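User: Hi! I'm new to this one. Could you walk me through it?

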Amino acid sequence: ALDRQIAALRAVRPSAVHDAGVWRFKDGPAFYAANLRYTTTTNMTPDEVHQMGLDQAKEIGARLDVLLRRRGLTQGTVGERIQALYKDKSLYYPNTDAGRAQLLADLQRKLADVQARLPRMFAHLPHQQIEARRVPPNIEDGSPLAYSESAPLDRSRPGTINFNLKDTAEWPKWNLPSTLYHEGLPGHQLQGGLAQESQGIPMLRKTMYFSGYGEGWALYAEQLAAELGMYEDDPLGEIGWLKAQIFRAGRCVVDTGMHVKRWSREQAIEYLMGLDGDALGSTTREVQRYCAIPAQACSYKIGHTYWNAQRDRARKALGSQFDIKAFHDAGLLSGAMPLDVLGDAIGAYIAQAKV
């Protein structure tokens, strides 16, 4: 089967073009708009998504500028100063088995710390165990840098946050916490775990997935970790969190840029590298992903923005009656849903809280 796949790709490769976007195909703009609707479950237009990404990148960049200046990094763009952090060898674990073990142990301690703080914001928490683990070495060459794997319904094994540790040079210490909170708690593991354990909803609702909802929650969860004080003694980790946020804003710019505004791959790579300071290789892989899966990368920041908008809506409508725990219950206990349905769920919470 793999031989046939390789042969098919070799056969079509000579006709491939360098243009990155789907705009070049018949009905390409309509196809992209449909993909955007499907992956984000909103009615945002490509132009609106592009501008949102530009606006949020500017705002997050200003926050990063302040934090970088506090660390004494005052020269160059925000992206150039983040590149300087990557070059600080003291901010990495040794690329040895002992170094990897220490990395995972430190992450497990952070996981226990954030878990202890969650009752401040959540009335319900999933009951599964959660562990930070290394991606098995025999599959790490083909694995992403990190991913979450849910516990089974019978809770016979833990939920895991898997880190690809083939080369610890890909993991500066300040980049690890936000990934832990995104993939673990209060991110995917909390959201998915609560859906699995929720009473009164069918199995489909416990296990289905919507990118705008799920990835939006995971970015919102990174924000919740900051609000719970996880960066009070970790200013570098806070830089890593905001760097992850500006990266997701940049995705909205380059994805719409390539598929609608006819940006080249090189233009997309240059913009993204300048924004968040990532290396050429990793940025190129990201841009290739956006070429292959139009619009999906936009769902993260759009979903995050929607979760925040719903919280602001509830807080404004309820004033002193607003309860962050009840808000999270309203958004999580019914399982994953399109973002407009999430808006309906929050509207129902608001109406009930006013009674």
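Analyst: Happy to; we can start with the sheet and then turn to some helices and single residues.

User: Before that, what kind of model is it, and how are residues numbered?

Analyst: This is a predicted model, in which local features need pLDDT of at least 70 and side-chain atom pairs count only at pLDDT 80 or more, while totals for chains, interfaces and linings use all residues. Residues are numbered from 1 along each chain as its sequence is written, and side-chain values use heavy atoms, with hydrogens and water left out.

User: Great. In what order do the strands of the sheet come?

Analyst: The sheet is open and has 3 strands in the order 1-3-2, with mixed pairing. Strand 1 and strand 2 each have a single partner strand, so they stand at the edges and one side of each is left without a neighbour in the sheet. On average, neighbouring strands are turned by 20° against each other, direction ignored. Helices and strands here are DSSP runs numbered from the N terminus (helices are H or I with at least four residues, strands are E with at least two).

User: What holds strands together in a sheet?

Analyst: Strands of a sheet pair through backbone hydrogen bonds, either parallel or antiparallel. Two strands count as paired if DSSP finds at least two bridges between them.

User: And how many bridges join strand 1 to strand 3?

Analyst: There are 5 bridges between strand 1 and strand 3, and these two run parallel. Strand 2 and strand 3 run antiparallel and are joined by 4 bridges.

User: Which residue stands opposite Thr 160 in strand 3?

Analyst: Glu 131 stands opposite Thr 160, and Glu 149 also has Thr 160 as its bridge partner. Elsewhere in strand 3, Phe 163 is the bridge partner of Ala 146.

User: Is strand 3 mostly covered or exposed?

Analyst: Strand 3 (residues 159-163) is mostly covered, with 5 of its 5 residues buried. Gly 159, Ile 161 and Phe 163 point one way and Thr 160 and Asn 162 the other. Buried means under 20% relative accessible area, exposed means over 50%, and partly exposed is in between (1.4 Å probe, protein chains only).

User: Where does Glu 140 lie?

Analyst: Glu 140 is in the loop between strand 1 (130-134) and strand 2 (146-149). With a relative accessible area of 9%, Glu 140 is buried. Apart from neighbours within four places in sequence, Glu 140 is in contact with Arg 134, Val 135, Asn 164, Leu 165 and Lys 166. Contact means heavy atoms within 4.5 Å.

User: Let's switch to helices. Which strands does helix 6 lie across?

Analyst: Helix 6 lies across strand 1, strand 2 and strand 3, running at about 150° to strand 3. Axes are lines fitted to C-alpha atoms, for helices over the stretch in contact, and angles run from 0 to 180 degrees between N-to-C directions.

User: Which residues of helix 6 make the contact with helix 9?

Analyst: Helix 6 and helix 9 (residues 211-227) pack at an angle of about 125°, with axes 8 Å apart. Ser 178, Tyr 181 and His 182 of helix 6 make the contact with Glu 215, Ala 218, Leu 219, Ala 221, Glu 222 and Ala 225 of helix 9.

User: Last one: at what angle do helix 10 and helix 12 cross?

Analyst: The axes of helix 10 (residues 235-259) and helix 12 (residues 280-292) cross at roughly 50° and come within 10 Å. Residues in this contact include Phe 247, Arg 251 and Val 254 of helix 10 and Glu 286, Val 287 and Tyr 290 of helix 12.
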